[in-house]
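I opened this notebook to record what I looked up in one structure. The entries follow the order in which I checked each region.

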Amino acid sequence: MHPFSGLIHAPESLIPAARTINPPTYRGSTVLFPSHADFVKAGQGEYDGITYGTDRLPQQRILESALRDLEGAALTRVFPSGISAISETLLAFVRAGDHVLVCENAYGPTLRFCNEVLGRLGVTTQTIPPDAGADIAAYLRPETRIIFLESPGSLTFELQDIPAITKIARQRGIVTILDNTWATPLYLDPFELGVDVSIHSITKYICGHSDLLMGSTSTTEAHAETLAKAYACREIYAAPEDCQLALRGIKTLPLRMKQHQASALTVAEVLHDHPLVDRVLHPALPSHPQHELWKRDFRGSSGLFAFTLKNEYPESILGQFIDSLQLFGIGYSWGGFMSLITTGQPKRGFAGPLQGKTLIRVSIGLEEPADLLADLEQGLARLAG
Ligand SMILES: Cc1ncc(COP(=O)(O)O)c(C=O)c1O
């Protein structure tokens, strides 16, 4: 054989089989069939192996089964971002003419997708209060198909009464979807609370290292076929290297979450008693108006919370506080090892005494809490002066 042909057809015996702890990263469009008979079987939908790159390569399948088991779900699929998991899932379950309810404190792009994309497809979206519960009944129409929840909302931290909502939804055959990113699969079990579909932005805690974008959707048995069929049609799959990184992240999730939880609570408690701070919005603090609901449904809390100040400051003065922080990066997203801080004035899901207040949101990372507190103290002191 000419050496050039040899380059293309390297004998398989030259590929050393090494049992590394981590699975090898498979990259591929074409996946070779063992035989013509298997190829024919694949055409008839009777082949058990992987048929093509879009048929979910091994890393993706391993990640999906890890998440499925962690969530106690029947089926899990991963997507190239959290928002694509959300939008693809909504697309999988709606039909033209449907009515969709979304909690007011949901991640902004979720609502934008519902209004702008589903709206064009003949689906009507209506928001429900950020702390909705059994009062959801008043919002239901004969054509209500989906109730989309995010509890707590990742900006304003109101909780929905999930079991009260899912009880009503089940009676009426309405599909409930929960964005469970804040609690992770470890600290809230959506299926135990009657939710049909659980979504995570893997980008946050499951990855944990701020180096990829990914999302997941997991369902109960009753909804597995709908998701699997929609996924197979759309083929919005995840990149092999990202799946590999997410698999690395998920292995340390329990350890990291313990630390995020403990550090965030320490910081939140000190901020709660700080003379310049008005309110700390953290469901695991007894001062949170829905703390009892949190205690009933959640097994823990994560590192993301917000606070408001007693006084409002001009942007330039607030900027001096934020810019002085050495350990808090200024940037979107959360759930990684580095602490982050952002400010904003949410227009939705921010009622009563919080209206018009600047919300300061922190994602507490894996730095020592004493160092984070010292950093925040020196920053807040600039506001006092
Ligand atoms: C609660 C929540 N869900 C979903 C997303 C979207 O995730 P991604 O950034 O992976 O698209 C975010 C992003 O910030 C979020 O905060």
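I took a polar contact to be a pair of N or O atoms within 3.5 Å; within protein, one must be able to donate a hydrogen and the other to accept it, and residues adjacent in sequence count only if both atoms are side-chain atoms. I note that this is a predicted model, in which local features need pLDDT of at least 70 and side-chain atom pairs count only at pLDDT 80 or more, while totals for chains, interfaces and linings use all residues. Residues are numbered from 1 along each chain as its sequence is written, and side-chain values use heavy atoms, with hydrogens and water left out.

**Entry 1: the ligand**

A backbone N or O atom of Ile-83 lies 2.9 Å from a ligand oxygen atom. In the side chain of Ser-201, an N or O atom is 2.9 Å from an oxygen atom of the ligand. For the side chain of Trp-334, the corresponding distance from an N or O atom to a ligand oxygen atom is 3.0 Å. The protein covers 92% of the 390 Å² of accessible area that the ligand has on its own; accessible areas come from the Shrake-Rupley method with a 1.4 Å probe, and for residues only the protein chains shown count as cover.

I then asked which residues around the ligand come nearest. There are 15 residues around the ligand, and Gly-82, Asp-179, Ser-201, Thr-203 and Lys-204 come nearest. A residue is counted here if one of its heavy atoms lies within 4 Å of the molecule.

**Entry 2: the sheet**

I used DSSP runs for helices (H or I, at least four residues) and strands (E, at least two), numbered from the N terminus. Two strands pair if DSSP finds at least two bridges between them. On that basis, seven strands form an open sheet of mixed pairing, in the order S1-S7-S6-S5-S4-S2-S3. Strand S1 (75-79) and strand S3 (124-128) stand at the edges with a single partner strand each, so one side of each is left without a neighbour in the sheet. Neighbouring strands are turned by 20° against each other on average, direction ignored. I took axes as lines fitted to C-alpha atoms, for helices over the stretch in contact, with angles from 0 to 180 degrees between N-to-C directions.

Strand S2 (residues 99-103) runs parallel to S3 and is joined to S3 by five bridges. In this pair, His-99 stands opposite Thr-124. S4 and S5 also pair in the parallel sense, over five bridges, and Ile-146 has Val-175 in S5 as its bridge partner.

I counted a residue as buried under 20% relative accessible area, exposed over 50% and partly exposed in between (1.4 Å probe, protein chains only). In S5, five of five residues are buried. Val-175, Ile-177 and Asp-179 point one way from this strand, and Thr-176 and Leu-178 point the other way.

Helix H4 (residues 82-93) lies across S1, S4, S5, S6 and S7, at about 155° to S6. Contact means heavy atoms within 4.5 Å. Thr-89 is in H4 and is buried, at 0% relative accessibility. Beyond four places in sequence, Thr-89 touches Ser-84, Ile-177, Val-197, Ile-199 and Thr-217.

I also checked Ser-216, which is in strand S7. Ser-216 is buried, with a relative accessible area of 0%. Among the contacts of Ser-216 beyond four places in sequence are Thr-76, Val-78, Ala-85, Ser-198 and His-200.

**Entry 3: backbone exceptions**

Most residues other than glycine have a negative phi, and most peptide bonds are trans. I found a cis peptide bond between Ser-151 and Pro-152, with omega about -5°. Pro-152 is in the loop between S4 and H6.

Glu-235 has a positive phi of about 55° although it is not a glycine. Glu-235 lies in the loop between helix H8 (221-234) and helix H9 (240-251) and is partly exposed, at 37% relative accessible area. Ser-333, also not a glycine, has a positive phi of about 80°. Ser-333 lies in the loop between strand S10 (329-330) and strand S11 (340-344), and is partly exposed at 25% relative accessibility.
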